[in-house]
Amino acid sequence: MHKKLQVNRFIYAAQFFVKKLVVMAESSALLDCIFFGIQSIGIPHLGNYLGALESWVNLQDRHSSVLYSIVDLHSITVRALLSPATKVQSLRNPTAKMSKSDPEHLATMLLTGSPEDATLKFFEAVTDFTSEVTFDPKAWPSLSNLMAIHAAVLGGTVEQALVQYKQPVADAILRLRCEPGYLRFVLDNRSRRARELAILVLSRVC
């Protein structure tokens with residue numbers, strides 16, 4: 001009974017606040033306002049940061065009013081001109097959202113974790129059986145999740161992250177195609193070294 005009463009009070013308060021915002025907006029007092037309510041559930045993880053906290057900070061520079069609150073039941077958001085947030089999936093199960101309640105220690109990246117902990121979790125993150133670097137959440141969910149995280153941390157899009165990854169390789173290939181003499185030098189030099197090692201091994205075997 002107490003829980004139901006608490007829920008009803010929260011819903012009433014939220015509805016009242018939304019109505020208040022509408023009235024103020026109609027009177028031109030709040031034409032560009034965003035209200036966030038977040039549940040206090042301990043240490044935030046990477047998904048919380050990239051999906052909400054980081055964008056909340058950035059929104060302060062782009063909107064006239066950004067209001068925050070801590071709620072004790074669940075999160076609510078009243079949106080106005082709000083762009084889609086980054087969705088971060090579990091590092092061990094790309095079909096599930098990253099969560100602090102995940103029993104798998106390696107699945108969630110807490111913001112208070114050490115650099116060593118972060119390195120370990122990314123090294124142990126689940127990946128897909130493909131040699132291609134392609135963003136396709138349906139075909140390659142694990143790889144796409146890591147690419148989305150990488151892009152969000154860099155502050156760009158997945159497409160920009162792909163270009164950043166592939167462009168140096170493409171530039172090197174184009175440069176080497178224009179330097180056949182250098183390629184011949186490398187091949188001859190490495191071939192000679194390979195023969196020297198082969199002779200050394202054969203001398204020990206024979």
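Asp-128 touches Trp-140, Pro-141, Ser-142 and Leu-143, leaving aside residues up to four places away in sequence, where contact means heavy atoms within 4.5 Å. This is a predicted model, in which local features need pLDDT of at least 70 and side-chain atom pairs count only at pLDDT 80 or more, while totals for chains, interfaces and linings use all residues. Residues are numbered from 1 along each chain as its sequence is written, and side-chain values use heavy atoms, with hydrogens and water left out.

- Asp-128 sits in the loop between helix 3 and helix 4 (141-154), helices (H or I, at least four residues) and strands (E, at least two) being DSSP runs numbered from the N terminus.
- Buried here means under 20% relative accessible area, exposed means over 50%, and partly exposed lies in between (1.4 Å probe, protein chains only).
- The side chain of Asp-128 reaches the backbone nitrogen of Leu-143 at 2.7 Å and the backbone nitrogen of Ser-142 at 3.0 Å.

**Salt bridges**

- The structure holds 3 salt bridges, each defined as a side-chain nitrogen of Lys or Arg within 4 Å of a carboxyl oxygen of Asp or Glu.
- Asp-117 pairs with Lys-121 in a salt bridge whose closest N and O atoms are 3.3 Å apart; both residues lie in helix 3 (residues 115-123), 4 residues apart, which is about one turn of the helix, and both Asp-117 and Lys-121 are buried.
- Asp-188 forms a salt bridge with Arg-184, with the closest N and O atoms 3.8 Å apart, and these two residues are separated by about one helical turn because they are 4 residues apart in helix 6 (residues 180-205).
- Asp-188 itself is partly exposed, its relative accessible area being 35%.
- Glu-196 forms a salt bridge with Arg-193, the closest N and O atoms lying 3.4 Å apart, and both residues belong to helix 6, where they are 3 residues apart, about one turn of the helix.
- Glu-196 is partly exposed at a relative accessible area of 42%, and Arg-193 is also partly exposed, at 38%.

**Nonpolar core**

- The largest nonpolar core has 9 residues, namely Leu-46, Leu-50, Val-88, Leu-91, Met-98, Met-109, Ala-125, Ile-149 and Ala-152, a nonpolar core being a set of buried Ala, Val, Leu, Ile, Met, Phe, Trp, Tyr and Cys residues joined through side-chain atoms within 4.5 Å.
- At least two residues of this core come from helix 2 (46-59), and at least two from helix 4.
- Ile-149 touches Leu-46, Leu-50, Val-88, Leu-91 and Phe-122, again not counting residues up to four places away in sequence.

**Whole protein**

- The protein has 6 helices and 3 strands, which follow the pattern α-β-α-β-β-α-α-α-α when read along the sequence.
- Of the 206 residues of the protein, 24% count as buried.
- Among contacts between residues at least 6 apart in sequence, 55% join residues at least 24 apart.
- The accessible surface of the protein comes to about 14700 Å², of which 61% belongs to carbon and sulfur atoms, with areas taken from the Shrake-Rupley method with a 1.4 Å probe and, for residues, with only the protein chains shown counting as cover.

How values were computed: Polar contact = N/O pair within 3.5 Å; in protein donor to acceptor, adjacent residues only side chain to side chain.
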